[in-house]
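Take a look at the sequence and the structure first.

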Amino acid sequence: MNLALLGGAVLNGLVTGMLYALMGVGLSLILGLLNIPNFAHGVLYAIGAYVLVSASKAFGFLGGAVAALAVVAVLGALIEWGGVRRLYRVHPDYILLLTFGLSLILTEAIILVWGPVGITFQPPALLAGAVDLGVTTYPKYRLLVMVVTGALVLACYLFVTRTRWGAIIRAGIEDKDMAAALGINIRRVFTLTFAAGTGLAGLGGALMAPVRGLLPTMGLDILPFAFVVVVLGGLGSLPGAILAGLLVGVVQSLMTAIWAPGADASVFALMTLGIIARPQGLLGQR
Amino acid sequence: MLEGRRGAVVRVALLLAAIVVLPLVVRPVVASEIWIFSIAAMALNLIFGYTGMLSFGQATFFGLAAYTAGLLMIHWQAPLLVVLAAGTLVGALAAALIGYVCIQRVGVYFIMLTFGFNQMFYFIAYKWTSLTGGDDGLPGIPRPPLALGPLGIRLDTSVRYYVFVAAVFLLAFYAMKRVVDSPLGVIFQSIRENPGRAAAVGYDVKRYKWLAFTIAGGFTGLAGVLYSMMFGIVPLESISWIISGDIVFMVLIGGIGNLYGPLLGAAAFKWLSETVSIVWERWPLILGVALVLVVLFLRGGLVEAFARLREATAGRGAEA
Amino acid sequence: MKNVSRRRFLATTAAGTALLRAPALATAQAAELVMLGIWPFTGPFADVGPLLDRGMRLAIEEWGNKVLGRPIKYITRDSETKASAATRRMEEAIDSEGVKIVVGPWSSGVALACTEVSKRRKVFYYFSGGTEDIAGKRCHRYAFNWAASPYTAMHVVIDNYMKLNPTHKRWYLFVNDYAFGWSVEKYTREAGQRYGIEFAADRMPLGTREYSGFVSKAAAFKPDVLCLLNAGQDVIVSIREAHNFGLAPKVAIVNSWGIGTEDFLQLDPKTRENLWVGTNAYYGANTPVAKKMTEMYQAKYNAPPGYAPCAAYGMTRLTLRAIEKAKSAEPADIVRALENWETQDWPGRVWVNPKTHQTVRDYFLLRCKKSDQMKHQFDFADIVAVSGQPLMPDTINECKDIGAL
Amino acid sequence: MKDGGILRTEGLTRDFGALRAVNAVGLEVRAGTLHSVIGPNGSGKTTLFNLISGEIPPTGGRVWFEGRDVTGLPSHRLPHLGLARCFQRTNVFPKLSVYENVWVAAFSRRRPGALGFVRRTTEFAEVDAEARRIVDEVGLTHKVAARAETLSHGQQRALEVGLTLASSPRLVLLDEPTQGLAPEATQQMTRLVQSLAGRYTILLIEHKMRIVMSISDRISVMAFGELIAEGTPDEVRENRVVQRAYLGGRR
């Protein structure tokens, strides 16, 4: 395991880790709110990537990424407003199954709109090619993705912990009824939080489109790992999700370098051990 | 549910009628699949419908038993009944081991644990290509004859295999009915309704949850073995969480907490994937829409739909 | 407790499904010959399905949609690149459409499941793919493999590549982890022994999109050649990633079992630099059947055919000619007509080995041209070598007994 | 039973973070008696019940039941030792029928063994008889087949007591059985509790002083998590400390 390989593996781990963290933050917001995993999170990630590919034709890469965030956020708001909202008083399992049904619908919708064939998407010209970091050469676009997702994740963290809106969201997550009793329009907070969580997934998809290419079922590859991140990080804990995201990304990447067959299985072993040893997760309370 | 004698007799008669009619309505291969997945759906219903635990990892036991049966038949030419027993045992054993860990947690964590174990075994099966054939599945699985004493009944045609599967299903259905009609049935329901109170009246809730999970694992394993002999191959998909999702789907569409719900759910799901998929490749979209509608408006599934239908047609107050 | 009796509702279920069930049971007229093309319209090979469909349709149209005076009914099913879906759909087509001839599916793993069905249901089955098992360990009397044997193919690639680059002794392999990958890797290593090539390899699932980790590992090995033994979009992604990480074009890329034209269309000229491709079919082949097929295909789809359409066309054409030779469309008769048959077809001289049902034919090694050397937009590569030698020795072929009809 | 005390606690304590909900309570209940525990809201009565019944583990102190140390035993073990409790907030099986509610509680005390789970529920005649007897005793005969969630509040409180009796206990912990009941239903419930007095030892939490004073053999008074007085109804009525605790003003 020479230095170049180790360097490469860690860098790759950080890129994937940042993506998992971004997905984890979005999922954690929703999970904290509804106390169930959003099974449609993966397909919303995929829709973000496809919207980027279409929108970037007209508005360029940046415009495409913003469009991805917006479209998926609106979609998330519709899902919460149209379906999830009716189930708050019902057993949470039914909200989970609603999102599972939606993931089926949206995956097929992608195939109907964009076709079943995988699309490869080139990063914008000025970001193509690799840069020599001394230890190893590394694609410029991936470095950008790492930095951008890092900034996004930090922004989310600060928003939730430092701003008034963030406090309202955390109150809603802590105790819906109490927050409503205090006069917070809890319905609007839920819709916006759900939209923010899904929007982050859409943006994650858009940023990863040039790295991983697009396939209608690309969401299914990422969803299990996003669950691991959220559960390991601790339900509803954003810092936990960020830490767990990076941890899972690097572990998976290092395992790929050391013993590739065991890479994926090891991530789930990590989650299972995590739940048993420390149920509330690395930084969670509940 | 303690019910009157008359209702039970009618239902069993209808079930036997369905077994006879089904292969005339759909292809024998699909009819067999309906009863195979009915067993798996009944098993999940025991955990989810009766005991209140939503498991998203039943494919773990379905797949493990299918692979076990396949390997026994390919490498040691094991006879049919041995394979059925072995698959059921492996399903139950795996469920006992995994179940013991999963029941330590409740709610979201329980769901995630069952999902996590499912993914773990999926990736192990994916990578252990020498044993499971990896992505290509484990092909070349024979259908050993059914040896009843001296006479060995061959099962090579799809109709003969249907009769065999239907027979095994009936035995499994009767066994599940006995479990549900036994004190276990009402104890599991009391745990679903109110685990705290179930403990306060003297039940070790974790032990009974574990028992439900293990029993369900055995039934799911049995279904896995029957599935492995269907097409002569154990596809990797049989241990993927997609199958777990399908089984959850069947139980919900059919109607949870009721012995006949999962059968209706399995029939509806398999019929959709058979007839509609030829007409429209995007048939899973219909599944998604059906699930969303059930979750939002008809949480009792088909069973509730028919009950409402009958009430509407039978006019008000016709029944108690 | 509402004593709900369910007499009516189970009856309504049974009646309801009776109305809507699958198209009528096999009442196809005896005259009509039903041919099934089972192709991947979804899953990792979703982009190849339509191309295969074109190839088969082209051959049937060339025959005026009938053979021995009987109209041909060409139906397709989606294999979803999944063994379970393919077997269920194949069995359904046999039951409800009376299919006797099956061509496809494309993925070697799925083929191993389909060949089981064809054996059990005794239907004629033609497959084209990289796994050696169809004409090897899992051979049976009703199944044939159209593509060159991986033994021959890998020898053609390595022998001719080493002739031009004798110093390239360090090869790094990307192997898709399923039946196809295992076969081509086994014979790449076997063919490379003679030249003392040092191999290192990584296995990844078909459909992998994240190649960065593997490219970093390859770079650390300091290889002379990055040898791609993967398939579908994996080929495109790994070639691009090799360029992104600065590994290529300094290091040569050899895609030993490639599909050629369709991949070249997706890669821009810069990423085709120093790219070598071994393939079962290149439209540049100068044999009568190849030229005619390329004209027909280009006229219809204004692009030359790659390996996929040529394979579907070649298999269907050979099957139709075998039916005419046998004067019968019964699977057993087609099998006998094909066995030990030597003839001129796609891509040239073709011989069907009666003992293993392997179609022995030429295999191509191409080298991509630099963009300034290209005479026209589709002039992607030079044919470095075309050969059907060396044949796989019977001693190491695992098809010991082809079995009875 | 050492000195006639069916239940004895010593220094029983429970902290919730900084709050000491129960502070070193030493309680003794004599067999066959109806022993009430009274005290203002938040005085730790229900927490005391939860500590005794194993609902929550104590921070300190010991609990003996029939001379046996049951401190910290999980709640599902106690019914089998003869101690059963009912809850302040109705805690039944909503979707099961009244009959099934009581049946499942009655069945838990039987030692079925492995084979026991093979026979149908309808084949346990003695459990069926026991269940029907209890349903009659708590006055829900006319509602035997109704789902628990369809019962009125009063009927659910009766079912709550029924579930407790179904464990055929020797010591019954009743946590405000008359809570939230209309006067007429309170009358009924009080008569029911009195009818139990002879056959079971009862530890009762009750707010309505008129009922406590009329049916209790002994009364323990709690305030701020501590036992401040104990004695016969008359002794407690005269006790100045109790009056001050009830009439306000800190001790």
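How far apart should the ends of helix α10 (residues 288-301) of chain C be, at 1.5 Å a residue? The 14 residues should span 20 Å, and the end C-alpha atoms are 20 Å apart, which agrees. The expected span is 1.5 Å times one less than the number of residues. Helices (H or I, at least four residues) and strands (E, at least two) are DSSP runs, numbered from the N terminus.

This is a predicted model: local features need pLDDT of at least 70, side-chain atom pairs count only at pLDDT 80 or more, and totals for chains, interfaces and linings use all residues. Residues are numbered from 1 along each chain as its sequence is written, while chains are lettered from A and ligands numbered from 1 in the order in which they are written.

**Helix α10 of chain C**
- Ala290(C), Met293(C) and Tyr297(C) are buried (20 or more other C-beta atoms within 10 Å of the residue's own; exposed is 12 or fewer, partly exposed in between; C-beta atoms are placed from the backbone).
- They cover an arc of only 70° around the axis, so they sit on the same side of α10(C).
- The arc is that of the directions from the helix axis to the C-beta atoms.
- Pro288(C), Lys292(C), Glu295(C) and Ala299(C) are exposed on the other side.
- The buried residues pack against α2 (49-62) and α11 (307-326) of chain C.
- Asn302(C) follows α10(C), and its phi is positive, near 30°.

**Contact between chains A and C**
- Chain A gives 22 residues and chain C gives 22 residues (contact: C-beta atoms, placed from the backbone, within 7 Å).
- On the side of chain A that touches chain C, α1 (3-34), β2 (137-139) and α9 (238-259) of chain A give two or more residues.
- α1(A) gives the most to that side, with five residues.

Notes:
Two residues are in contact if their C-beta atoms, placed from the backbone, lie within 7 Å.
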